[in-house]
Amino acid sequence: MARRKGRVKDKWREKKWVTVSAPDSFNNVPIAYVPITDDENAVGRVLEVTLYDILKGDPSQHQYKIYFQINKVEDDKATTIFKRYEYSKEFLRSLVRRGSSKINFIIDIKTKDGYVFRIKILALTHRQLNTSRKHALRLIARDVINNTVPQMTIDQFVQATCYSKINSDIMAAFKKVIRVRHVGLEKVKLIRTAEKEIALLEA
């Protein structure tokens, strides 16, 4: 006697769709419409977008990647926190040229409201620099970060990062010493929230 086949579950029908919004620093604009199995499992999920996806401005904004992490789901809406910002690999490769110096500098810094970020600064010169000149530029970059970021809230810092305000401040300080071809925040990563949600950040 043939066995009766059980009804096959349609996993997609069991999911619900939620609209995911960016944080306050981006005016809570919708960034995705995604399926989730349940609210609890959705918390911690990371979504990748480009700056262009949010601002819909200059097409060159495609070269800046932003990662948001879901921190709360209510009904059919999900909110996020800013987790990471970085240059795309293609953009990074396009910046490097022969005959110039590449200077990297990494610093951890806390905002006024207690969020800790790890910032990787990239500077590219028009010509080769010696070790002492490179060191001098790193000190300048450190001073700019230490004098500005601790005065900002997380929303102000995220805006200053993504809208190139911090880049401009470092570039202006560099120009007093030497002309450089490019200055930017190659990568910015949230490493501790004000609420110390370590489990969420490591998800």
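This is a predicted model: local features need pLDDT of at least 70, side-chain atom pairs count only at pLDDT 80 or more; totals for chains, interfaces and linings use all residues.

Residues are numbered from 1 along each chain as its sequence is written, and side-chain values use heavy atoms, with hydrogens and water left out.

I begin with the chain. Its secondary structure comprises eight helices and eight strands, taken as DSSP runs numbered from the N terminus (helices H or I, at least four residues; strands E, at least two). The chain has 203 residues, of which 43% are buried; buried is under 20% relative accessible area, exposed is over 50%, and partly exposed is in between, with a 1.4 Å probe and protein chains only. For contacts, meaning heavy atoms within 4.5 Å, I consider pairs at least 6 apart in sequence: 59% of these join residues at least 24 apart.

Next, the empty space. Rolling a probe the size of a water molecule over the atoms shows where empty space is left. On a 1 Å grid over the protein atoms alone, a cavity is a set of points where a 1.4 Å probe fits but cannot get out, a pocket is an open set with protein on both sides within 12 Å along at least five of seven lines, and lining residues have an atom within 4 Å of a point. Grid points are joined across faces, edges and corners, and a volume is the space filled by probe spheres set on the points.

The largest pocket has a volume of about 210 Å³. It is lined by 14 residues, and those closest to its centre are Pro23, Asp24, Thr80, Ile81 and Asp155. Which element gives the largest share of this lining? That is β5, with four residues. Both domain 1 (16–87) and domain 2 (96–202) contribute at least three residues to the pocket lining, the domain bounds coming from an automatic or database domain assignment.

How many cavities of 30 Å³ or more does the whole structure hold? The search finds one, and the volume of this largest cavity is about 40 Å³. Its lining residues include Ile103, Phe105, Leu137 and Phe174. Two or more lining residues come from each of β6 (102–110), β7 (116–125) and α5 (131–148).

Helix α5 also holds Arg142, which counts as partly exposed because its relative accessibility is 36%. Leaving aside residues up to four places away in sequence, Arg142 touches Phe105 and Ile107.

Finally, two loop residues. Asn28, between β1 (16–21) and β2 (30–36), has a positive phi near 55° without being glycine. Asp75, in the loop between β4 (64–74) and β5, likewise has a positive phi near 55°. Are these residues buried, partly exposed or exposed? Asn28 is partly exposed at 41% relative accessibility, whereas Asp75 is exposed at 63%.
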